[in-house]
Number of protein chains: 2
Amino acid sequence: MSVDPRHPPGALTDEELTSLDAHWRAANYLAVGQIYLMANPLLTEPLRPEHIKPRLLGHWGTSPGLNLVHTHLNRAVKARDLDALCIWGPGHGGPAVLANAWLEGSYSETYPDITRDTQGMTRLFKQFSFPGGVPSHVAPETPGSIHEGGELGYSLSHAYGAALDNPGLVVACVIGDGEAETGPLAASWHSNKFLDPEHDGAVLPILHLNGYKIANPTVLARIPEDELDALLRGYGHEPLHVTGDDPATVHRAMAHALDTALDRIAERGRPPMIVLRTPKGWTGPAEVDGLPVEGTWRAHQVPLAAVRDNPDHLRQLEQWLRSYRPEDLFDENGGPKPHVLACVPEGKRRLGATPHANGGLLLRSLPLPPLERFAVPVDKPGATLHEPTRILGELLEDVMRATADRRDFRIVGPDETESNRLQAVYAATGKAWQAAILDVDEHLDRHGRVMEILSEHTCQGWLEGYLLTGRHGLFSCYEAFAHIVDSMVNQHIKWLRVTRRLPWRAPIASLNYLLTSHVWRQDHNGFSHQDPGFVDHILNKSPEVVRVYFPPDANTLLSVADHALRSRDYVNVIVAGKQPSYDWLSMEQAKAHCARGAGIWEWAGTEDSTRDPDVVLACAGDVPTLEVLAAAQLLRRHLPRLAVRVVNVVDIARLMPSDEHPHGMSDYEYDGLFTTDRPVIFAYHGYPWLIHRLAYRRDGHPHLHVRGYKEIGTTTTPFDMVVRNDLDRYRLVMDVIDRVPGLAVRAAPVRQRMEDARLRHHAWIREHGTDLPEVADWSWDG
Amino acid sequence: MSVDPRHPPGALTDEELTSLDAHWRAANYLAVGQIYLMANPLLTEPLRPEHIKPRLLGHWGTSPGLNLVHTHLNRAVKARDLDALCIWGPGHGGPAVLANAWLEGSYSETYPDITRDTQGMTRLFKQFSFPGGVPSHVAPETPGSIHEGGELGYSLSHAYGAALDNPGLVVACVIGDGEAETGPLAASWHSNKFLDPEHDGAVLPILHLNGYKIANPTVLARIPEDELDALLRGYGHEPLHVTGDDPATVHRAMAHALDTALDRIAERGRPPMIVLRTPKGWTGPAEVDGLPVEGTWRAHQVPLAAVRDNPDHLRQLEQWLRSYRPEDLFDENGGPKPHVLACVPEGKRRLGATPHANGGLLLRSLPLPPLERFAVPVDKPGATLHEPTRILGELLEDVMRATADRRDFRIVGPDETESNRLQAVYAATGKAWQAAILDVDEHLDRHGRVMEILSEHTCQGWLEGYLLTGRHGLFSCYEAFAHIVDSMVNQHIKWLRVTRRLPWRAPIASLNYLLTSHVWRQDHNGFSHQDPGFVDHILNKSPEVVRVYFPPDANTLLSVADHALRSRDYVNVIVAGKQPSYDWLSMEQAKAHCARGAGIWEWAGTEDSTRDPDVVLACAGDVPTLEVLAAAQLLRRHLPRLAVRVVNVVDIARLMPSDEHPHGMSDYEYDGLFTTDRPVIFAYHGYPWLIHRLAYRRDGHPHLHVRGYKEIGTTTTPFDMVVRNDLDRYRLVMDVIDRVPGLAVRAAPVRQRMEDARLRHHAWIREHGTDLPEVADWSWDG
């Protein structure tokens, strides 16, 4: 439907209109003030160059539209006593949201030095885009926000994540027409097929078409209106169009559209949305230096750029500011006058004060069961095989059951929960799905808490929104394709790093990745699915936030997952296999090993306690651990007098210096594990140079030799993959022989035997397409 | 419009129908054969377990639909003598496209050992998903393909990239309903607003709804049909619906839809597209072990999983294979019979033989002008300031002019060409735009060759498609947001690595990134826009493909860009500033310096030729270079007897060992530049540990001390950013004093002075919001 702005809907009284417009003008005034002023905030004297900031950094264009939405949301929240949250998507929306938070008082409650008076207004203005102050974007520092408006694309998936399991909550989401061009945003429109009317809240998208990005028109603002309308209906929405540039008319139309939308949400009809079409930089200078500005791309940033030097610009700025009639809006102390605040709700209903935007306040610990109930019995290492992720699935099933009423735990993934062997969870809950269901479908569930869509971006956005509003979750993903969300997780890590320094932000549950279907087991997918570099990406980010684990078997996976699910304010990356693999540690041993993060597996080595070993075989990751143990076994058989130590690393950050990562080992600990002078052959799951980057400061680093994935891959068997990348048991034995002083001659026949085994492998696989029987049937004999 | 399958459109004769169906059956037979068989390919004897592959890896579900599309495209191409290319989007589509290429003969021409006879068919079957053979996806090894069907999301943007500047070309693009859920695919629908009817070809999307992903229904297959139709109209298309499961009916409907679509394309009407709705695993087993398979998610992979062990499964497989009547399709030598090939076009018209899919064959060298015409005059270092990317823009303008008729060069970017200071190009061409144009718009151009959309994914996809079909281009992007395409560029690098080993694939133009608006200059965007890690990501990939450059000034940027634009089969990443910065090198010096990739700047240091320097100050990146030169100047003033060497690194891979990267230096060269025993203070643009990861094998590594971005950022000035990250001139001088033996006591007063300067900075910026005058007004006095 179209809300015709020519017909006043009658719902808005003149008094309401006056108050709404006053609030909107006040917010606009404060937005302009933040961009330009560092003194004389109320224009109590004529504007002079020294009142203007030395560096004009900021963006006016999007502010009046956001101010309009905030003003009208205020009214609706107050009138309906709504539980509401708003996601502010547009870039550089900072001035608007800050202005509104200051007006409603939530800003001063959060930041007591920014008082709701003249002094506070001055500080509010000065801090904006000022060194060490607040950025131009809506950011972690912004009260009422769970969404950074810097990198665009994630507003709508964040909104849906916030709405999940929050019945009664309305999440408004302002989507800029720039952001609407991004892939992640385009995909997330279909999130409405996953929203459970019974257990979830509602999302109200507000597509704000102000027509321009930085220097270009936007696609959605320039396609024919019937095409846009069809598109939004195609997304499953009932669009309500609000278009105009006359404030009173738009106020009436917007109020009517919002009332209509909220009525529909209450009736659970086809989900409404609003298309708000207003000029970019609305109410700003119509023309500057003879060129049109308001309503054009020229209004994107600072419309009057030379205010300090150009008296015309200065005069225009003063006119612009005075056009909002500040004397009508603020009292002599600089506080907003009562009629400005007539539409503003109270207490936690204020958009800047909702606890949903500070989710840690609402967070409850997950009811995690004792791990012993799911542990794999291990009497001796390597005697049994299990699929680690399948065992984890049983733990997750229990968590799903335990949260059936609380509904604060979800699993997301791009159609891979079952493929990743977590299907036990389906005994406790199904896959969220509100579209058609056929007889042949399995595990689809109108109320399910597993979320699957073939969009890593949408999965990530949902989970982020869910966590940021105080709940728990897990993202299960193919290892290689975690890179799809590299940039999203960047932003989430940056968010956490900043919020950890904000005392008013309560800690939230960590974002937990389970990366499986990993580089070494892509038997039919081949090269395109082989990339272990997400870990490298993560480890570039703030050490206080990032944690990376390589559990080598089922019980260590349980221990690590338990730890991750209990943790707060981290991004935990767990890399684990889904294929049957040997169980090395009992649950008790696994807990102790994971608590240390790295340790000697005495049972696997041949050293005695009287002296340092001749060589250290280190490993991180399930497949490298298998190859290291097989190499240790070969060494025990062929070179029985060699003192071999086997070290397994679960928590890869342990390798870092203790002053670079909270989990980093002291040199004393590191040297105790790896020695300072013995060769260390390190078999690592990913790119080998990562280990060097973590350990380069250690005394023993010159003796560290790392094997890992060298970006050599194809469609082939697991063992062929390790052979191609020189990570196989035979190569590791050769490495030992090559690096232990004095062994080269004595062990030459053994080395030849290893070479021969590799050649035998190549011949066998060409012929049979399978691995050598001695490899396929290998077992630990220790 | 809807093509009603009940009304035979009359266009297809019975003979054509018979031939189309025979071709489709043959392709289906060959697809099943690839998944299961390694002997007895023509079923000349009853099927026995030993004919079956030991590991059944492959995906049947998508194959019959792809085979249908290929069969019908063949007919249309032949009937209309079309110049056509097809992008095969669906995952695991390998068996289908390989089957078709083998049928049409292009496969045997590309791989002469896979002949079009019984022996060749056996090899075709065996290699599929076999160790070292071909993957389940359409891949670089697949003739006729420019698109890997592994990671999903990029088919449609690739199709548009291929169509640009290829008038007369029709690019069909099969989009799976799984892929359609991804963000990059969802964004790329709007590419039709950028296609110039005069200079570009046409794209025909074929959305294939087989209903299921791995284990789930797909969103687009389960929303109401009118909603789907509205969505596609909203994307600007005229959808033609083909639905059915009766082969003859679907053949008639598909032929009619394709004819209608191609007629519309010829008439340049509203762009058509086809929605093809057929069962997943169509013509496969209807039921296995009592459960429905055909038309369900169970048909996704290998429908009969236990063929070697379960006689029922074996019998069912044989029935299934024989249902295609192979004796009617293949002659006694195993070649396809004539009626099977009646619809197949000839020569380069075959989809597996089009030169557009082997773009290097069509590639012409770019007409690059002499750099001297654009060079900045440099009589002495540091005397003038220029914006490097603005200078590069002038070179690009010339390239745009020189290719005005050839139309084989494009610039893509997410609405940042002007923001990145490349606007000179607008004097030569505008921004491609086919939607509405208003008076206020600038540089929009129906025929423009600059492509801007706020989707890094779409930009990347367009450029990849353009390069893969034999043209040239540049992607200009904010440094931090290059991470958005991490996973896409992974796939492109993998593609190049594989194609470099395929003798039949001709080299294509490199994919060139200009990363600007970088980490050190985010004065108002702040922390969310600060990430220099794309380079780390790139350097994890195949060294033969990746190149990374940090030109320190305008002339070096020209030299590096010239090199990148001339190169082939690389991914070049150029990190360069857009802000005014000092010119250090003349054009001649810049060329020599860039050719070496790293070198001593004698004019900047204080060493004499008689002995090794006391310390090496190294730098990579424009801001680090500035700080290093300022530090060198401070050292010259305060510690004049210290022998300082300044080394600048442009080509960061030069630091790697020569056996790890083609650009890597020998130890001899490295030691000559950096010494083996003197302290090296390295100021690097990005994360400091990258330099350690590149240089850890060098003898001098224990003396290497790197400063860089430590993920500490906020909204602040450029100099405050380097201070916060300990990369500033004062800190570098302190590092020198701390690390040069014997200097600690003697230079203690100088060190204190540096400390004081940092404190002065902190106080000044808090007060003024700007940088210290001594920093703002700094200039090189050498």
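Colleague: Over which residues of chain A does pLDDT stay under 50?

Modeller: Residues 1-9 of chain A. pLDDT is the predictor's confidence in each residue, from 0 to 100. For residues 1-9 the model has 19 contacts beyond four places in sequence, two residues being in contact if their C-beta atoms, placed from the backbone, lie within 7 Å. Where pLDDT is low, the predicted coordinates should not be read in detail.

Colleague: What's the mean pLDDT of chain A, and what ipTM does the complex get?

Modeller: Chain A has a mean pLDDT of 95, with 99% of its residues at 70 or more. The complex gets an ipTM of 0.97 from the predictor, and a pTM of 0.97.

Colleague: OK, the dimer. How many residues does the contact take from chain B and from chain A?

Modeller: 97 from chain B and 97 from chain A. On the side of chain B that touches chain A, the helices giving two or more residues include H7 (183-188), H15 (486-499) and H25 (748-768) of chain B. Helices here are DSSP runs of H or I with at least four residues, strands are E runs of at least two, and both are numbered from the N terminus.

Colleague: Which element gives the largest share of that side?

Modeller: H9(B), with 7 residues. By type, the residues of the side of chain B that touches chain A split into 34 nonpolar, 39 polar and 24 charged. Nonpolar covers Ala, Val, Leu, Ile, Met, Phe, Trp, Tyr, Cys and Pro, charged covers Asp, Glu, Lys and Arg, and the others, Gly among them, are polar.

Colleague: Changing topic: which residues touch the most other members of the largest nonpolar core?

Modeller: Leu617(A) and Leu617(B), in a core of 517 residues. A nonpolar core is a set of buried Ala, Val, Leu, Ile, Met, Phe, Trp, Tyr and Cys residues joined through C-beta atoms within 7 Å. Buried means 20 or more other C-beta atoms within 10 Å of the residue's own, exposed means 12 or fewer, and partly exposed is in between, with C-beta atoms placed from the backbone. Beyond four places in sequence, the contacts of Leu617(A) include Val628(A), Ala631(A) and Ala632(A).

Colleague: How many residues of H15(A) are buried?

Modeller: 14 of the 14, so H15(A) is largely enclosed by the rest of the structure too. From first C-alpha to last, H15(A) reaches 20 Å, close to the 20 Å expected.

Colleague: Which phi does Asn40(A) have, positive or negative?

Modeller: Positive, about 55°, although Asn40(A) is not a glycine. Asn40(A) is in the loop between helix H1 (14-36) and helix H2 (63-80) of chain A, and counts as buried because it has 20 C-beta neighbours inside 10 Å. Thr283(B) also has a positive phi, about 75°, without being a glycine. That residue, Thr283(B), is in the loop between strands E5 (272-277) and E6 (287-288) of chain B.

Colleague: Last one: is Tyr324(A) buried or exposed?

Modeller: Buried, because Tyr324(A) has 22 C-beta neighbours inside 10 Å. Tyr324(A) is in the loop between helix H11 (311-322) and helix H12 (326-329) of chain A. The C-alpha atoms of Tyr324(A) and Tyr29(A) are separated by 6.3 Å, although the two are 295 residues apart along the chain.

Definitions and conventions. Residues are numbered from 1 along each chain as its sequence is written. Chains are lettered from A and ligands numbered from 1 in the order in which they are written. This is a predicted model: local features need pLDDT of at least 70, side-chain atom pairs count only at pLDDT 80 or more; totals for chains, interfaces and linings use all residues. The expected span of a helix is 1.5 Å times one less than its number of residues.
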